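This report takes up aromatic contacts, a helix and a pocket. The structure comes first.

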Amino acid sequence: MPDNDGWPADRIDTESAHSARIYDYILGGKDYYPADKEAGDAMVREWPAMPVHMRANRDWMNRAVRWLAESAGIRQFLDIGTGIPTSPNLHEIAQSVAPESRVVYVDNDPIVLTLSQGLLASTPEGRTAYIEADFQHPEAVLGSAEFLETLDLDKPVALTVIAIVHFVLDEDDAVGIVRRLLDSLPSGSYLAMTIGTAEFAPEEVGRVAREYAARGMPMRLRTLGEAEEFFDGLDLVEPGIVQVHKWHPDGTGEEGVRDEDIAMYGAIARKG
């Protein structure tokens, strides 16, 4: 880790809203700026269920990582689009099941790097690493020392791509990017994703998308059929691709959540 003089605080754009900081604000975090608060408030006005939707996505991550560690026996994770650290972080969940778990986090937002000390607080038996890279350039991730030194590519890896591909437009080929990352991982690896959709509340979610776009963050929300493209050729884990609150519910927060309050599909699939 760099010392304080090495933090990239001068690269953080505090005048413009950022998706990770909006997410942090709406979830009740503290790592945001006035522009993010203004954006988050505007989006919640357009769709009051947005906090419910975002918490459901976060809860899905918790359940998915626990399933991967407990039921699939995965001990290595490559987390794309990590976002601002929020406990429990992915490594905390995985290492609570298997302390030897190894996690590589990837994000391209300087504020995430600034706050990444919490992401690197691994158990003694395990290991965590952080890569500052844009996942739209997979070679920057796959060729990094952190990736190559932390993960053993003779053993399965879980690739987690959570709440990020709706910010990748068609011309940038989100499916191809995810596939290039997955192709680098051995047989027996898993892909775990959440994918933004407007199928359950098209008017409300459409208005939220316009708020993002007005702040320089255009979105590509996908149908179920389009979400299926990410998992082509993989073996989906039951119950397949469903809204995140319906995937392996554990009774800790899904009750009373309406389908129209959730704009995210979630699924896990195994690479043969």
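## Aromatic pairs

Trp67 is buried, at a relative accessible area of 17%, because buried means under 20%. The model is predicted. Trp247 is buried as well, with 0% relative accessibility.

Across the whole structure there are six aromatic pairs. One of them joins Trp67 and Trp247 edge-to-face, with 6.3 Å centre to centre and 80° between the planes. This pair links distant parts of the chain. Trp67 sits in helix H3 (residues 50–70), while Trp247 is in the loop between strand S7 (242–243) and strand S8 (264–270), 180 residues apart. Both tryptophans belong to one aromatic cluster, made up of Trp60, Trp67, Tyr190 and Trp247.

Tyr212 is buried, with a relative accessible area of 5%. The ring centres of Phe167 and Tyr212 are 5.5 Å apart and their planes lie at 65°. The pair is therefore edge-to-face, because planes over 60 degrees apart count as such.

Phe167 is in the loop between S4 and H8, and Tyr212 is in helix H9 (residues 202–214). So the pair ties together parts 45 residues apart in sequence.

## Helix H8

Helix H8 spans residues 174–183. Its buried residues include Ala174, Gly176, Ile177, Val178, Leu181 and Leu182. Among the elements that cover them are strand S1 (76–80), helix H6 (138–142), strand S4 (158–162) and strand S5 (190–196).

## Second largest pocket

The second largest pocket has a volume of about 200 Å³. It is lined by 13 residues, and the closest to its centre are Arg75, Gln76, Asp152, Lys155 and Pro156. The lining divides into four nonpolar, four polar and five charged residues.

Technical notes:
Residues are numbered from 1 along each chain as its sequence is written. This is a predicted model: local features need pLDDT of at least 70, side-chain atom pairs count only at pLDDT 80 or more; totals for chains, interfaces and linings use all residues. Side-chain values use heavy atoms; hydrogens and water are left out. Buried means under 20% relative accessible area, exposed over 50%, partly exposed in between (1.4 Å probe, protein chains only). Helices (H or I, at least four residues) and strands (E, at least two) are DSSP runs, numbered from the N terminus. Contact means heavy atoms within 4.5 Å. On a 1 Å grid over the protein atoms alone, a cavity is a set of points where a 1.4 Å probe fits but cannot get out, and a pocket is an open set with protein on both sides within 12 Å along at least five of seven lines; lining residues have an atom within 4 Å of a point. Grid points are joined across faces, edges and corners, and a volume is the space filled by probe spheres set on the points. Ala, Val, Leu, Ile, Met, Phe, Trp, Tyr, Cys and Pro count as nonpolar, Asp, Glu, Lys and Arg as charged, and the others, Gly among them, as polar. Rings of Phe, Tyr and Trp (its six-membered ring) pair if their centres lie within 6.5 Å; planes under 30 degrees apart count as stacked, over 60 as edge-to-face and the rest as tilted.
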